[in-house]
Amino acid sequence: MSDTDGPKRARTIGLRPHRRLIPPDPRSVGHDPDYRFTLANERTFLAWIRTSLALAAGGLGAASLLDDFSGGELLGIGLLVLSFVTAALSYRRWALTETAMRLERTLPPSRLPLALAIGIAIVVVAAAVLVAVNA
Amino acid sequence: MRPEEVFDPLLQQERTSLAWERTAFAGLVVGLFTTRLGATMHLALGAIGIAVVCVSAGLLVWAGRHYDDLHVTLRAGESPVHPAAAMAVGIGATVVTGLATVLMIAAAFSDG
């Protein structure tokens, strides 16, 4: 992290595209934070991975179990796309948070909870519409 | 290495170890489900499912061992940070969910 002029939080602006998704090893900067913070960050990361896996299970279930339900595959694909986005951004989130902790900066906020909530709400509303149409 | 006593009265590393094990269980469920689907929908899904089950079972055993090993790390005053494990799980979950999405879209299109 060389952007010391900007707001005091870990950022990925200016990094090469693959580095934005997979930020550098946090151990390359700063110093070890309180081990409890590191473990809390790890547990949060794992909770995101489980959320992604739960969405994947829901997506695969919707696509296969709703066989005689028109639009079931579409619901499944919607949940799988959300699952993929969640998984793809979870390591980035972990690494940025760990880096901020090591630099004693404020932790970077995430748009993922709001984006996920909106995404799931859209899938659920679509499911309700499909249930009404199929009834 | 088996610890003789717990390092932290707040049981931080035990909670983290349980989080790893819950994640491995979630992986096992997704893997078994994907394997079951593969039998009826798409053989590639079955192969992905079996791979996910194997990796998740390995992760489960690793999580248990890692819990014991963390006592040594924490007593030595070292950071328990483990970027390789986070990256492996993060990239693994991304690849699996990405492949499942692509295969499901392909299946939807091939059905018309």
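Select helix α2 of chain A and helix α3 of chain B together: the crossing of α2(A) and α3(B) is left-handed (the near helix is turned anticlockwise from the far one by less than a right angle). This is a predicted model, in which local features need pLDDT of at least 70 and side-chain atom pairs count only at pLDDT 80 or more, while totals for chains, interfaces and linings use all residues. Residues are numbered from 1 along each chain as its sequence is written, and chains are lettered from A and ligands numbered from 1 in the order in which they are written.

With α2(A), residues 35-65, still selected, its axis and that of α3(B) come within 11 Å and cross at roughly 15°, so the two helices are roughly parallel (angles under 35 degrees). Next show the side chains where they meet, including F45(A), I49(A) and L53(A) in α2(A) and V89(B), A93(B) and M104(B) in α3(B); contact here requires C-beta atoms, placed from the backbone, within 7 Å. By class, this contact has 11 nonpolar, two polar and one charged residues.

To see where they touch, pick residues including L45(B), I48(B) and V52(B) in α2(B), which belong to the group meeting G92(B), V96(B), L99(B), A100(B) and L103(B) in α3(B). The residues of this contact divide into nine nonpolar, one polar and no charged.

Technical notes: Contact = placed C-beta atoms within 7 Å. Helix = DSSP H or I, 4+ residues; strand = E, 2+ residues; numbered from the N terminus. Nonpolar A, V, L, I, M, F, W, Y, C, P; charged D, E, K, R; others polar. Axes fitted to C-alpha atoms, helices over the stretch in contact; angles between N-to-C directions. Parallel < 35°, antiparallel > 145°, perpendicular 65-115°, else oblique.
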